[in-house]
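Trainee: Hi! Could you walk me through this structure?
Mentor: Happy to, let's look at it together.

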Amino acid sequence: KNVGSRQATNLASEAVAKVTECYYNCKPLFVYACLSPELFYGSLYFLAAYPEMRPSARTWLVRAARWGVGPGFALKQVANVAQMVEAARGVDEGGVDLIL
């Protein structure tokens, strides 16, 4: 039972490493993922700040936020979780010296 658990942990560890590696090594993907949350939040702010905006402009902005930067926003969150898992694993294995 313990061996299967160890194999599953190794597979998960490899998957997390692949996500992080892909995220950092593909520069266009990295830039898209980093800019997407900023543009997403900016568009939400813009929608809230200007409720009198023309309906066609609002529709365009909502679609651009949803389909243009929404996937990058989601990708950034996945990369954040992968980074957190790798950092936690490093702390758990004693690879990081904590100064308290």
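Mentor: One term before we start: contact means heavy atoms within 4.5 Å. Also keep in mind that this is a predicted model.

Trainee: Okay! Which residues is S43 in contact with, leaving aside its neighbours within four places in sequence?
Mentor: Those are L61 and A65.

Trainee: And where is S43 found?
Mentor: S43 sits in helix α2, which covers residues 27-49.

Trainee: Is S43 buried or exposed?
Mentor: Buried: the relative accessible area of S43 is 7%, and the cut-off for buried is under 20%.

Trainee: New topic: how many aromatic pairs does the structure hold?
Mentor: There are seven aromatic pairs. One of them joins Y23 and F30 in an edge-to-face arrangement, with 5.2 Å centre to centre and 65 degrees between the planes.

Trainee: Why is that one called edge-to-face?
Mentor: Because its planes are 65 degrees apart, and over 60 counts as edge-to-face.

Trainee: How accessible are Y23 and F30?
Mentor: Y23 is buried, at 4% relative accessibility, while F30 is partly exposed, at 25%.

Trainee: What about F46 and Y50?
Mentor: F46 and Y50 make a tilted pair, 4.8 Å centre to centre with 45 degrees between the planes. F46 is partly exposed at 39% relative accessibility, and Y50 is also partly exposed, at 39%.

Trainee: Back to F30: which cluster is F30 linked into?
Mentor: Ring pairs link F30 with Y23 and Y24.

Trainee: And what lies over the face of F30?
Mentor: That's K27, at 5.9 Å from the ring centre.

Methods
Residues numbered from 1 in each chain as written. Predicted model: local features only at pLDDT ≥ 70, side-chain atom pairs only at ≥ 80, totals over all residues. Heavy atoms only, no water. Phe/Tyr/Trp six-rings, centres within 6.5 Å; stacked < 30°, edge-to-face > 60°. Buried < 20%, exposed > 50% of the residue type's maximum accessible area, 1.4 Å probe, protein only. Lys NZ or Arg CZ within 6 Å of the ring centre and 35° of its normal. Helix = DSSP H or I, 4+ residues; strand = E, 2+ residues; numbered from the N terminus.
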